[in-house]
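I opened a notebook for this structure and wrote down what I looked up. The entries follow in the order in which I made them.

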2 protein chains.
Amino acid sequence: MAGGGGASATALVTARAASVAADIDSAFDHLLAVPDDPRRRLYEAMRHAAIGGGKRLRPLLVQAASDLFNISRDSALRVGLAIECIHVYSLIHDDLPAMDDDDMRRGKPTVHKAFDEATAILAGDCLHDLAFEVLADEETHPDPFVRVELVKALALSSGPAGMAGGQMMDLEAERTRFDLATVTRLQNLKTGALIAFCVEAAAIMARLPHEARTGLHGYARDIGLAFQIADDLLDVEGDPDLAGKALNKDAAAGKETFVSLLGVEPARERGHMLVAQAKAHLHGYGAEADLLRAIADYIVERDR
Amino acid sequence: MAGGGGASATALVTARAASVAADIDSAFDHLLAVPDDPRRRLYEAMRHAAIGGGKRLRPLLVQAASDLFNISRDSALRVGLAIECIHVYSLIHDDLPAMDDDDMRRGKPTVHKAFDEATAILAGDCLHDLAFEVLADEETHPDPFVRVELVKALALSSGPAGMAGGQMMDLEAERTRFDLATVTRLQNLKTGALIAFCVEAAAIMARLPHEARTGLHGYARDIGLAFQIADDLLDVEGDPDLAGKALNKDAAAGKETFVSLLGVEPARERGHMLVAQAKAHLHGYGAEADLLRAIADYIVERDR
């Protein structure tokens, strides 16, 4: 089990990922149609950030978890679109000069570089709203209870008890030296919460009882940490051209990471251990969970 | 009718406004309890912006519109809290150096002055999430359909087709000379959309048929514009100490406003005309709409 799928897992993931990425691009193209009025620049900035590029790992995870419960691909796509709205908004704001001050993202200039800071702040804010607008719309799911549960879970995952809280801890990491427990908590919030929502969203759409969600929660927590460890490894070992962004930023900022605290090889081992553990959480599922298993393998094997 | 309530209207509004303001402060105090971890600074920044000060006009409007339909004060308060989350987040972001670059707000340093820019961006982002978390929670209303409709309407009012779209037009106003029609549309988005949501929220909670909402929509549109005209007048005539913020900023930035386009006295007349028209839209309601009528008068008579 721990060996992973290797080439076949990567092939399974990349085929489905390409289809999801095309669907997400097309959904953004529709959602962000440029109006013929003075808001044109705002929409162009959102399109710059949202369309083209990006691994679309989160929408793929929603599809994979939805496979378990025969949830319609349209519903899964709408939820994936909402999550990408949040993910892209967070990248726009994190890249701002006052935050991580990045010039490149996905191989293109960041929004504040291609446009300006004010437009970048507003473009992020607008994508933030669009996430909730998409989830609340009846196109996403016919049951209003499901829609409002999705809204609540996403707001929790992205707000101060989730992603944004983790980003605040990340800012503090430049001022304080964090230990492994605190870095783990930081990453559980900063990247883990939104990844967990991808899987939780399928459970919400399936109206799965809370006590039946334990395995999925374990899977999500483990791949979230494995994803971050892989990111930390790519930050020190990766190819900036493939990544499409600056690397080696954490060490330069004096921030502790899994790699700085554990060392390269022990971090890599921990990543593989987490992937094995994530897949073990899926023992109750059959072939319908194969894509989830392949994503777990892909997460530590990817080169960008 | 056009004469308005004068002193008695102001008294009615200020009494109820004081009670609403106390409830909102207490709800924020509860919502923003400071955690004992590295996110402390984030919560302190949100508290700095959200608690104390502010007219709380929007939550008051929700209460006044809820009076028409016997909606519980608790539900109206939760909706008012969500709207204040959006309003306060937008003030934090609008005050940033890249946007309006303001140092003072509600008589206190703005968040980026009291803390720093990164914390201000994140504090705004977090209040943005909390708005939707509050609305989606069953404490707000027992009916999930009502909650998800509230979420959708708020996302529309605050996003690119509402407040944030208006703020983008406002940025463009420094580069282009807008005519009266464009300034009206800008203000309908920038301040009107969220004010309209305050009234619409009561109609949603009452599950009022759409065809029965025309009068309320007319009222909201008219007081939204009257509010902005009063703001423009205060910007040229007001007392910065009472306002708790810098004034005369629009003229300095070369932006057209209702006052610059119409002149002071015609703008004042238009404000009073809009208030009379707003109250005329309420002709189908009796004494239960007295607070809405008094708010319309107060909006153009206030000194801050």
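**Entry 1: the contact between the chains**

I took contact to mean heavy atoms within 4.5 Å. On that rule the contact takes 51 residues from chain A and 51 residues from chain B.

I noted the ground rules before going on. This is a predicted model, in which local features need pLDDT of at least 70 and side-chain atom pairs count only at pLDDT 80 or more, while totals for chains, interfaces and linings use all residues. Residues are numbered from 1 along each chain as its sequence is written, chains are lettered from A and ligands numbered from 1 in the order in which they are written, and side-chain values use heavy atoms, with hydrogens and water left out.

Next I looked up the buried area, which is the accessible area (1.4 Å probe) that two parts lose on being put together, summed over both. Chain A and chain B bury about 4,200 Å² between them, and 71% of this is on carbon and sulfur atoms.

I searched for salt bridges (a side-chain nitrogen of Lys or Arg within 4 Å of a carboxyl oxygen of Asp or Glu). The rule finds four across the interface of chain A and chain B. One of the four joins B:R185 to A:D37, at 3.1 Å from N to O.

I then searched for polar contacts (a pair of N or O atoms within 3.5 Å; within protein, one must be able to donate a hydrogen and the other to accept it, and residues adjacent in sequence count only if both atoms are side-chain atoms). Across the interface there are 15 residue pairs in polar contact, both residues being at pLDDT 80 or more.

For the elements I used DSSP runs, numbered from the N terminus: helices (H or I) of at least four residues and strands (E) of at least two. On the side of chain A that touches chain B, two or more residues each come from α2 (40–50), α4 (73–94), α6 (117–136), α7 (144–158), α8 (163–172) and α9 (180–205). The largest share, 13 residues, comes from α6(A).

**Entry 2: how the copies are related**

I superposed the copies by least squares on the C-alpha atoms of residues with pLDDT of at least 70 in both. A rotation of 180 degrees with 0.0 Å of shift along its axis places chain A on chain B, with an RMSD of 0.0 Å. The two copies are therefore related as by a two-fold rotation axis. In chain A, the C-alpha nearest the axis belongs to A:V148, at 2.6 Å.

Over all chains, the whole structure has 52 salt bridges.

- B:D67 and B:R16 have their closest N and O atoms 3.1 Å apart. The pair links helix α3 to helix α1 (residues 6–31), 51 residues apart. B:D67 is partly exposed at 27%, and B:R16 is buried at 14%.
- B:E256 and B:R177 meet at 2.8 Å, N to O. B:E256 is in the loop between α12 (249–252) and α13 (258–262), and B:R177 is in the loop between α8 and α9, 79 residues apart. B:E256 is buried at 18%, whereas B:R177 is exposed at 63%.
- B:R213 and B:E200 come to 2.8 Å. B:R213 lies in the loop between α9 and α10 and B:E200 in helix α9, so the pair ties together parts 13 residues apart in sequence. B:R213 is buried at 6%, and B:E200 is buried at 16%.

**Entry 3: single residues**

In chain A, salt bridges link A:D25, A:R56, A:E84 and A:R106 in a network. A:D297 sits in helix α15 (residues 290–301) and is buried, with a relative accessible area of 5%. Its side chain makes a polar contact with that of A:K279 at 2.9 Å.

I also checked phi. B:N70 is not a glycine, yet its phi is positive, about 55 degrees. B:N70 is in the loop between α3 (57–67) and α4 (73–94) of chain B, and is exposed at 75%. B:R207 also has a positive phi, near 50 degrees, and is in the loop between α9 (180–205) and α10 (214–237) of chain B.

How values were computed:
Buried < 20%, exposed > 50% of the residue type's maximum accessible area, 1.4 Å probe, protein only.
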